[in-house]
Each structure stands twice: as structure tokens, then as C-alpha cells.
Amino acid sequence: MNIDERFMYRAIQLAKNGKGNTSPNPIVGAVIVHDGTIIGEGYHRRCGEGHAEVNAVASVTNRSLLKDSTIYVTLEPCSHYGRTPPCAELIIDSGIRRVVIGSPDPSDKVNGRGINMLRKAGIDVTTGILERECRKLNPAFMTCHTLGRPLVTLKWAQSADGYIDRKRTAEDTPSIFSTPVTAALSHRLRTLNDAIMVGSGTMLYDRPSLTARLWPGHNPLRVTTDRSGVIHSPDNKFTILGREDDGSTASYLKALHDKGITSVLVEGGARLLQSFIDSGMWDTARVEVAPTALGDGVKAPLLCIRPTESLTVGNNCIYYYDNPDKQSLKTTKNIK
């Protein structure tokens with residue numbers, strides 16, 4: 001590991017502190033180094049507040065050292081005025097001579113402009129240091145700005161013999177496969193997404209609240225699909241999709257993207273989940289398997305790939321999947 005990678009690793013560590021608080025902005029970390037010693041650190045704490053570079057520069061006690069310092073930042077500094085001034089401009093004004101960047105920013109407002117601004121000011125800019133690791137910090141942001149749609153996570157729990165529920169009426173209690181611990185982990189996942197989506201059948205049969213009540217954090221936008229007009233939300237607690245479009249996964253994702261949603265957690269039911277799998281428009285999946293068997297009921301969605309990792313929690317096992325064809329979906333940017 002060379003010196004640039006070592007300090008970029010530290011910037012990556014800092015960036016992770018902002019996870020769950022910055023959307024739709026990315027999480028970013030920054031480290032300022034003078035003569036091999038860190039003199040300033042910062043990360044983007046919350047959307048609308050100072051960016052990582054701003055907080056790093058503000059943490060430096062001896063500003064005279066900046067003119068002989070290097071700043072390491074996990075994502076290309078912004079070059080436009082938004083809720084805060086451009087970070088590239090701040091770096092130039094601070095007198096920092098060298099900037100090391102992990103990943104370029106693919107958003108239309110930046111997309112190389114920050115790097116060009118720095119270089120035009122005579123600053124030495126190095127890019128691509130631990131780029132893969134830096135890109136992995138922001139899967140939702142990267143997906144949104146490269147594929148033109150939100151990051152899609154599929155989630156369900158099932159029995160050992162492959163059912164997500166028994167056959168029942170809306171008055172019957174649904175089958176429960178999660179434990180108190182895995183339910184809390186599920187709610188944590190809700191806090192990390194901008195929106196949560198279920199189909200009309202799930203709404204009618206389960207009447208879910210879709211909140212993150214078991215984990216501290218924000219509640220995602222609650223979304224239901226309803227092509228038949230059977231769902232009523234007089235208090236506007238739920239955003240309803242599917243009544244004014246063709247009811248396809250592409251149309252759902254376009255509607256969410258137009259609302260500024262960068263990530264959506266699809267929790268059911270089986271038909272909606274399978275439609276995302278069949279369309280290929282998904283990114284990751286979390287499948288919890290309980291040791292109990294139902295013998296009959298509503299079949300779980302079918303994923304014909306191997307999990308990338310697994311986690312055992314008590315007697316339950318959670319399997320994680322990545323869409324192996326995601327890279328080929330770049331042609332779906334700007335879905336019409």
C-alpha cells in the first residue's frame with residue numbers, strides 16, 4: 001500500500017460515518033495531510049450541511065500549512081452552487097496545492113467539472129486512487145447517476161420449503177418468519193433507503209405500516225403499486241404508483257427517480273418482487289430463510305443465482321444476492 005492509498009483508506013473510513021444521513025447526496029470523506037501527518041479530517045454529516053472538504057478544512061488549526069498540504073477526498077469535489085458553495089472553489093481559495101481523488105462524480109452537475117476547475121487553477125490533481133472502494137461507498141448515488149434509476153433492493157422472508165405465506169384471507173394473521181433480531185435488522189435496512197415499496201395485495205392482506213419503528217433513523221417514503229385502483233390513502237401516507245402508467249417496473253422506477261428517490265426497498269408481495277427479478281431491474285436482494293416449513297402456500301420469488309454471502313442469526317439464515325447483469329443495464333439510463 002502506497003502513501004496515497006493509506007490516506008485514502010482513512011478518508012473512506014470517515015465517509016462511512018455519514019451513512020444513512022446524507023441522501024440524496026453521497027457519503028464523502030476527506031483528509032488533509034501536511035508532510036506525512038494528518039492535520040485535518042472531515043466527512044459529509046447530513047444533507048444540506050457542509051461537505052467533507054468544508055469540514056476538513058475547518059478542522060485545520062494552523063491554516064498556514066494548507067499551502068503545502070494534500071487533500072484526499074473519496075469523491076470528486078463539487079463545482080456548482082447548491083445548498084452549499086462549490087468545494088472545488090473552497091480548495092482553490094484555501095491554497096491547497098495537491099488534491100487526490102478516489103472516484104469521479106458521475107452526476108450531470110459535476111462529471112469532471114470539479115477536476116477541471118482544480119487543474120485550471122494550477123492544482124496538482126491525482127485521480128483513481130482506490131476508485132473501486134470509493135465507488136462502493138455510494139451504490140445508490142452511483143446507480144442513480146449512471147443508470148438513471150434508483151438503486152433497487154429486494155427483500156423478503158420465507159419458510160425452509162420456499163413459501164412466503166400460507167394461503168389465507170385478509171382477516172387471517174400473516175405468517176411470520178423473522179425473529180426480533182432479524183426484524184430489527186430489516187428496519188435498519190429501511191432507514192438506509194429513500195423509499196419502501198409493496199404491491200396492492202400486500203397492502204390489502206397485511207396492512208403494513210412500513211415504518212422503521214424498530215431502528216433509529218428516518219422513515220422512508222411509503223409506496224404502493226395499484227393498477228386496479230383498490231387502494232385508498234385518504235391521509236396521503238402512501239404514494240400510489242401504477243394508475244397513470246403501464247404498471248411496469250421501469251415506469252415505477254422512473255416515477256420514483258422523478259421524485260428524487262435514489263434508493264428503494266421492495267418488500268413484497270411475491271408477484272411484485274418477481275416482476276423486478278424478471279425485468280432485471282434490481283441490484284441486490286436480501287432473503288431471510290426460517291427453519292420452519294409450511295408445506296403449502298404462496299411461493300417465494302425465484303432467484304436462479306447463488307448468494308454472494310450469508311449471515312446466520314439464531315436459527316434463521318439471511319442470504320444476500322447481487323444482480324450479475326447489472327452492468328449491462330447501463331443502456332436503461334433516462335428510462336422513458
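What radius of gyration would a compact globule of 336 residues have, and what does the chain have? A compact globule would come near 20 Å and the chain has 22 Å, which agrees; the radius is taken over C-alpha atoms, and the globule rule is 2.2 Å times the number of residues to the power 0.38.

The model is predicted: local features need pLDDT of at least 70, side-chain atom pairs count only at pLDDT 80 or more, and totals for chains, interfaces and linings use all residues. Residues are numbered from 1 along each chain as its sequence is written, and side-chain values use heavy atoms, with hydrogens and water left out.

**View 1. The whole chain.** The chain holds 10 helices and 15 strands, taken as DSSP runs numbered from the N terminus (helices H or I, at least four residues; strands E, at least two). Its C-alpha trace spans about 70 × 45 × 35 Å along the principal axes. Of the 336 residues, 51% are buried (under 20% relative accessible area, 1.4 Å probe, protein chains only).

**View 2. The open sheet of 8 strands.** The strand order is β10-β9-β8-β11-β6-β12-β15-β14, with mixed pairing; two strands pair if DSSP finds at least two bridges between them. Because β10 (239-241) and β14 (309-313) each have a single partner strand, one side of each is left without a neighbour in the sheet. Neighbouring strands are turned by 20° against each other on average, direction ignored (axes are lines fitted to C-alpha atoms, for helices over the stretch in contact; angles run from 0 to 180 degrees between N-to-C directions).

View 3. Strands β6 (residues 151-158) and β12 (residues 284-289) run parallel and are joined by 6 bridges. W156 has V287 in β12 as its bridge partner. Helix α9 (residues 249-258) packs on the sheet and touches β6, β8 (195-198), β9 (221-225), β10 and β11 (263-268); contact means heavy atoms within 4.5 Å. The direction of α9 makes about 145° with that of β10. Helix α10 (residues 270-279) also packs on the sheet, touching β6, β8, β9 and β11, and its direction makes about 135° with that of β6.

**View 4. The surroundings of I231.** I231 lies in the loop between β9 and β10 and is buried, with a relative accessible area of 5%. Leaving aside neighbours within four places in sequence, I231 contacts S200, M203, L204, T224, D226, I240 and R243. The C-alpha atoms of I231 and P220 are separated by 19 Å, the two residues being 11 apart along the chain.

Conventions
Buried < 20%, exposed > 50% of the residue type's maximum accessible area, 1.4 Å probe, protein only.
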